[in-house]
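User: I would like to go through the labels used for this structure. For each one, please set the value against the definition.

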Amino acid sequence: MNYATLFLFVLAASLLRAQQSIPEVEELLSRMTIEEKIGQLNLLTPGGGAVTGAVVSSDVEAKIKAGQVGGLFGLAGPDRIRTAQEYAINETRLGIPLFIGSDVIHGYKTTFPIPLGLSSSWDMALIERTAQIAATEATADGINWNFSPMVDIARDPRWGRIAEGAGEDPYLGSAVARAMVRGYQGDDLGADSTMLATVKHLALYGAAEGGRDYATVDMSRLKMYNQYLPPYHAAVEAGVASAMTSFNDVEGVPASGNKWLLTDLLRGQWGFQGFVVSDYTSINEMTNHGLGDLQAVSALALTAGMDMDMVGEGFLTTLPESLEEGKVTEEQITTACRRILEAKHKLGLFDDPYRYLDTLRPARDILTDAHRAVARRAAASAAVLLKNDSGTLPLSRDARIALVGPLADSQNNMLGTWAPTGELSEAITIQAGFDEVVPEVTYTYAVGANITDDTTLANNTNVFGPRVVIDERNPDTLLEEALAAARQADVVVAVVGEASEFSGEAGSRTELTIPESQKKLIRALVATGKPVVLVLMSGRPLVITEEMDLPLSILQVWHPGVEAGNGVVDVLYGNYNPAGHLTASWPRSVGQIPVYHSMKRSGRPAPNKGAPFQKFQSNYLDVPNTPLLPFGYGLSYTTFTYTNPQLGSEQIRMGDSVQVSIEVTNTGQLAGEEVVQLYLRDVVRSVTPPDKTLKGFTKVMLAPGESRRVTITLAPDDLKFYNAALDFAAEPGTFEVFIGENAEDEQNMLSFELLP
Ligand code: BGC
């Protein structure tokens with residue numbers, strides 16, 4: 001670039017800045033002291049939400065009155081929030097309103113299935129609607145800033161937070177990210193029922209080593225750009241108002257102090273206009289990471305592009321000194337403060353700081369029948385039918401049921417992890433769902449087993465209250481009771497799996513099987529010879545190799561949310577035909593992790609499916625390479641066939657789109673939805689490609705016997721990837737397209753050429 005172009009570039013950039021600056025905010029900034037600006041960068045919690053770190057804020061009221069707080073989280077309700085807001089408005093010199101943040105991860109009080117479950121619906125309109133409802137309810141309770149969506153790609157089901165995201169795939173993850181940002185923020189952040197969304201956790205948090213929470217991450221830029229960054233980028237493109245940094249390292253510097261990440265990439269390359277908030281004490285934790293004392297790490301964070309400090313108070317307590325010592329500049333503090341004030345302005349808080357505090361709204365807008373109906377539908381849509389032995393499902397209303405298992409009537413485990421705003425007492429258990437949805441059905445209930453008999457695991461799980469309750473009775477007595485019920489029944493429905501807090505933050509596990517206490521129950525139930533249906537709950541992919549081999553049926557329902565029982569019983573009895581498909585591969589054994597559909601090919605590929613072990617090829621001695629259940633997998637009560645795939649064109653030019661279509665027929669007896677998936681293989685390119693990767697999907701409803709030609713368009717960007725120079729570009733050559741039911745379905749392959 002020569003000087004003249006550089007000059008024009010700088011001029012254009014400053015004009016753009018000037019155009020975007022908000023006069024009220026600039027005027028306010030001009031009146032603020034440096035202490036007042038630093039105060040805006042401080043986010044505290046008075047307690048009341050989920051406390052996820054060692055530090056809890058103290059003297060919050062005094063700090064607000066001293067102008068030392070820019071926002072609060074973990075409090076709710078118009079009255080309580082009004083009091084806090086009044087401290088800020090009436091008792092500080094400038095009366096700047098507070099942000100009121102919260103973790104509304106999968107619904108506010110109307111709790112939807114955990115996000116991994118919701119993503120299994122592949123239904124973006126539904127996901128957007130759940131986010132909209134969450135925003136309506138949260139804003140009714142005074143909240144104006146949400147710490148969601150969590151879009152971290154997760155390919156290690158040992159990591160408990162896989163529950164909070166959309167699974168393993170960047171294409172699907174990006175679609176979900178966009179839907180959630182739209183749902184929370186709507187078109188107008190100034191509206192009463194929308195709130196600021198936060199894309200988190202920037203970045204790569206899901207790639208923590210060994211699946212241990214808060215562990216380190218090390219990844220090439222190629223892998224970041226192609227696999228892990230797209231969903232954050234998609235949220236930014238959708239206009240997300242804030243971004244939260246992650247706890248982990250990104251190329252040797254934790255995200256909270258990483259200038260490349262927070263400034264060069266996020267703002268420079270992606271054009272992010274919002275503000276960046278740390279995670280809970282993640283700035284302070286850089287001291288543990290080995291980057292210096294609180295003053296040093298706080299200066300590092302600000303300089304890197306961090307705007308707001310969650311709970312740690314490093315900004316509040318050390319920035320004045322760092323400014324004096326020249327370690328940070330006034331300009332940097334002003335910039336961070338400006339971004340925060342601009343977001344408050346967008347929310348309309350300067351016009352009316354009490355705008356979300358209408359005391360009539362909670363009763364009117366929260367947990368309404370209409371919202372609960374969406375939650376019920378979402379619980380059903382999230383369910384994935386993994387196996388339907390002898391067509392046991394859907395159940396007949398005439399069959400006598402033995403309803404057993406430790407999760408059949410456990411209100412405390414229905415909402416799932418990260419539902420701090422939900423009400424456990426509102427949750428409909430599976431047993432309650434039987435009473436509500438099929439009152440005519442005769443059933444006998446018995447708990448049958450503890451979730452686990454391991455008291456250490458139980459105690460570690462029960463931090464937020466009793467999720468695992470170990471029955472006073474002997475496990476053999478529990479088992480006998482369930483077997484007696486089974487013997488009297490026509491069909492056994494066993495609700496088994498993980499407690500809700502087996503997953504989630506700091507909820508990592510090394511064993512991913514169903515706990516042994518419940519496996520014993522399952523084996524004994526099968527031995528009765530009665531048809532057995534497992535209703536399986538979990539916050540992650542499990543290792544269910546043994547259960548897949550047993551003669552039983554499995555309906556995976558995750559942790560289904562407040563309407564759990566109604567939604568799940570709808571599926572069991574065919575009021576809703578299951579159409580969920582997995583969004584993360586389910587391994588055969590923990591030793592296979594990571595296992596995901598878009599793995600790269602080896603130079604010595606594993607033998608084809610079903611072929612025997614081959615020495616000196618990339619395979620295991622003991623299990624195949626493939627997952628037990630592939631990405632995209634899910635059955636229905638009906639069957640679909642795919643025929644006559646067609647391409648719009650077999651040769652296209654750079655910048656062209658290509659249409660791929662296929663005839664999908666419902667060949668069964670029931671109406672049902674199918675998730676048609678398109679996978680792409682870039683056969684030859686300058687950087688080794690994934691074997692194949694998801695590049696399109698659509699969900700269609702078909703009546704029995706109905707056929708429809710489904711078309712998916714591959715846009716020019718779908719053929720692109722980040723090359724060695726990190727340019728996003730397509731390369732000429734052959735592309736193979738697979739269109740079918742899951743990532744391993746290779747029946748319908750087409751290919752086209754991308755011409756230079
Ligand atoms: C979590 C975040 C959450 C924050 C505030 C942290 O421990 O990592 O996802 O938003 O706490 O509750």
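This is a predicted model: local features need pLDDT of at least 70, side-chain atom pairs count only at pLDDT 80 or more; totals for chains, interfaces and linings use all residues.

User: Why does W418 count as buried?

Analyst: Buried means under 20% relative accessible area, exposed means over 50%, and partly exposed lies in between, with a 1.4 Å probe and protein chains only. W418 has 10% relative accessibility, so it counts as buried. W418 lies in the loop between β12 and α18 (430-437). Its phi is near 50°, a positive value in a residue other than glycine.

User: What makes N644 partly exposed?

Analyst: The relative accessibility of N644 is 43%, so N644 counts as partly exposed. N644 also has phi near 50°, a positive value in a residue other than glycine, but its place is in strand β17 (residues 640-647). Strands (E, at least two residues) and helices (H or I, at least four) are DSSP runs, numbered from the N terminus.

User: Why is strand β15 called largely enclosed?

Analyst: Six of the six residues of β15 (residues 532-537) are buried, so the strand is largely enclosed by the rest of the structure. Both faces are covered: V532, L534 and L536 are buried on one side, and V533, V535 and M537 on the other. In a regular strand the side chains alternate between the two faces of the sheet.

User: How do you know that β14 and β15 pair?

Analyst: Two strands pair if DSSP finds at least two bridges between them. Strand β14 (residues 491-497) and β15 have six bridges, in the parallel sense, and G497 has M537 in β15 as its bridge partner. Strand β16 (residues 553-556) also runs parallel to β15, joined by four bridges; there V533 stands opposite S553.

User: What makes the unit of β14, α21 and β15 right-handed?

Analyst: A crossover is right-handed if, with the strands pointing away from the viewer, the path from the first strand over the helix to the second runs clockwise. β14, helix α21 (residues 516-527) and β15 make a right-handed β-α-β unit.

User: How do you know that the buried residues of α2 line one face?

Analyst: In helix α2 (residues 23-31), V25, L28 and L29 are buried. Seen down the helix axis, the buried residues fall within an arc of 100°, so they line one face. That arc is taken from the directions from the helix axis to the C-beta atoms. The face turned away from the buried side carries the exposed residues P23 and S30. The buried residues of α2 pack against α3 (34-40) and α15 (330-346), where contact means heavy atoms within 4.5 Å.

User: What makes β18 and β21 edge strands?

Analyst: Five strands form an open sheet in the order β18-β26-β25-β20-β21, with mixed pairing. β18 (651-653) and β21 (693-702) each pair on one side only, and they are the edge strands.

User: Which pairings in this sheet are parallel or antiparallel?

Analyst: β18 and β26 pair in the parallel sense over three bridges. β25 pairs in the antiparallel sense with strand β26 (residues 749-755) over six bridges, and strand β20 (residues 672-682) pairs with β25 in the antiparallel sense, also over six bridges. Seven of the eight residues of β25 (residues 733-740) are buried, and the strand is mostly covered.

Note on methods: Residues are numbered from 1 along each chain as its sequence is written. Side-chain values use heavy atoms; hydrogens and water are left out.
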